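Subject: Structure for you to look at

Hello,

Here is the structure I promised to pass on. Please open it first, then read my notes below.

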Amino acid sequence: MSELLQFLLSGVTVGAVYALVALGFTIIYNASDVVNFAQGEFVMLGGMITVMAYTAGAPLPLAALVAIVATAALGVAMNKLAIEPARGAPVVSLVIITIGVSIFIRGVAQLVFGKQIHTFPAFSGDDPLHILGATILPQSLWVIGGAVAVFVGLWAFFTRTLLGRAVLATSNNRLAAQLVGINTPFVMTLSFALSAGIGALAGVLVTPITMTSYDVGLAFALKGFAAAMLGGMGNPKGALVGGFLLGVLEGLTAGYISSQYKDAAAFIVILGVLFFLPQGLFGRKSTDRV
Amino acid sequence: MEYDEVVAIIGGTTTGTTMSNLAVAEDAEIPFISLAGAIDIIDPVKPFTFKTPHTDRMACQKIFKDMQKAGITKIDMISGTDGFGAPMQAQCKAVAPDYAIEILTDEIYDPKDADMTAQLTRVKGTEGVQAILNSGFGRGPSIVTRNVKQLALDLPFYQSHGVASDGFIELAGADAAEGVRLPGTALLVADLLAADDPQKPVVDAYKAMFEEKTGTPVGTFGGYAHDAFLIMTDAITRAGSAEPAAIRDAIEATSGLAGTTGVYTFTAEDHLGLDLTAFRMLEIQGGKWTLVE
């Protein structure tokens, strides 16, 4: 019993990381149908800039804030310099541009931050909490709490605010959105700032668990992307459920079958789900008029 | 090589480049000192090929010897799937029977994983495990170390030479790393060496020179090249000639030459020249490295 609980808690810890990264994908996707493969780099920058500010003497909350604001600014710059000039291009070209941006950021990070692995102290200490014979680190609760808070925020943003609906409208039909008075360039800028900020927040929360270095972004992006696809790209609920589902699957496979099949089992389930539900578990059904 | 009238080669920092260099050097009958890790480079022995780095197998042997001394016979092995962890896992499994050590559970993790408590919970649930051995490089071993503490697995815990640096203690946290043992080279614990240690002068000199010139801490890899150069110049001096065949014979006759990695003694059957004394068994105590022997 305590073994099962430990496998679940291990899965939830990992899953919360995936969920937080997956949530970052949703906003840009909702605004432009572009899957932003530089999302993992935002996570890396969140952790890395926090490390730098913290070692330079800033208190941890301030260092985290600096990292989130700086990364959000970088997201805006990415939109202005790389995405906006190619506005008329098909979605596939834009996705390829985001891959280019991710390689660029990784290269610069390697020069600026070096190749060392870094970390900073967990927010509430390293003493594990005991639950019915299983253990979880307090930092995992921070990550889980962060994922849930971002989810609630995004859900409210997209369904309860005019601005959130403007983002969805821009995605649906940019020309029509402009015609009803939505400032679509501003919506795009905003979506990049928010996505980058959420990515950086993820980086701040997970770094005490996973540690960080200039090249962690790709791994985050791949697993977060897989989680977002499983849950349904663009839906915050899908990102949350997909992330936790993927983590728990990995934990249970590593525990009960073998750690050798951990990743394979997770991807087989994703393939299975996408075979029957190509939009993911909670994806919106798209109907095109022909 | 013909155009430049090369008489000897030092190089091949990876096993791949060494393997392609090796064929050329052997054909041209030119002595070649490789800086790469794999045991296949010198096993079987090729007449003109030598190497300076110790092998994964030696690290496994050093660890198992220490376990044997502590009366440990049943262990768990947890390894990263990266280019460092996987070959070492294979070497350790191959030499474990020589030391009467049985690997009860053989777990792996991806070097990018965020949490290894699932694998370690399996270890916890396995009857009779007396020690844990983790082979890996980078972030993975630090996370494993923290998870071992999180699960309160109160067992002797061995890491590999892949994390023999101060960075490891910092990342895992001095608290979680307390009591961790691993094999490391003399170069990394230069301050701890006894005054009469044969490697002390060369290690100190190289460390001082390197750190003054580059401003960065010494690493094991630079030491391999330093040692190769030392062996080569020593051999050429003793041969009194720059003929490839004479240099080769002089390298093979090298005896008791102290380098940063270990004390080299080559023979016709041994083109690595190091024994297990090249590794020092280290233990982390109070956030600092200490020598076990």
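Which residues point one way from E8(B), and which the other way? Arg181(B), Pro183(B) and Thr185(B) point one way, Leu182(B) and Gly184(B) the other, and all are buried. A residue is buried if 20 or more other C-beta atoms lie within 10 Å of its own, exposed if 12 or fewer, and partly exposed in between, with C-beta atoms placed from the backbone.

Before the rest, some ground rules. This is a predicted model, in which local features need pLDDT of at least 70, side-chain atom pairs count only at pLDDT 80 or more, and totals for chains, interfaces and linings use all residues. Residues are numbered from 1 along each chain as its sequence is written, while chains are lettered from A and ligands numbered from 1 in the order in which they are written. Helices (H or I, at least four residues) and strands (E, at least two) are DSSP runs, numbered from the N terminus.

Chain B

Chain B has ten helices and twelve strands. Its C-alpha atoms fill a box of roughly 65 × 35 × 35 Å along the principal axes. Of the 293 residues, 47% count as buried.

Back to strand E8 (residues 181-185) of chain B. Five of its five residues are buried, so E8(B) is largely enclosed by the rest of the structure. Five bridges join E8(B) to strand E11 (residues 279-285) of chain B, and the two run antiparallel. Within this pair, Pro183(B) stands opposite Met281(B) in E11(B). Two strands pair if DSSP finds at least two bridges between them.

There is also an open sheet of three strands in chain B, with the order E1-E2-E3 and parallel pairing. Strand E1 (9-11) and strand E3 (49-51) are the edge strands, each pairing on one side only. E1(B) pairs with strand E2 (residues 32-34) over three bridges, in the parallel sense. There, Gly11(B) has Ser34(B) in E2(B) as its bridge partner.

Chain A

Take helix H4 (residues 91-113) of chain A. Buried residues in H4(A) are Ile97(A), Thr98(A), Val101(A), Ser102(A), Ile105(A) and Ala109(A). What covers them includes helix H2 (39-55), helix H3 (60-83) and helix H9 (217-231) of chain A. Just after H4(A), Gly114(A) takes a positive phi of about 80°.

Trp142(A) sits in helix H5 (residues 138-160) of chain A. It counts as partly exposed, with 19 C-beta neighbours inside 10 Å. Leaving aside neighbours within four places in sequence, Trp142(A) is in contact with Phe123(A) and Leu205(A). Contact means C-beta atoms, placed from the backbone, within 7 Å.

Where the chains meet

24 residues of chain A are in contact with 22 residues of chain B. On the chain A side, the elements giving two or more residues are helix H1 (2-32), helix H8 (184-210) and helix H10 (236-257). H1(A) gives the largest share, seven residues.

Best wishes

Technical notes. Contact = placed C-beta atoms within 7 Å.
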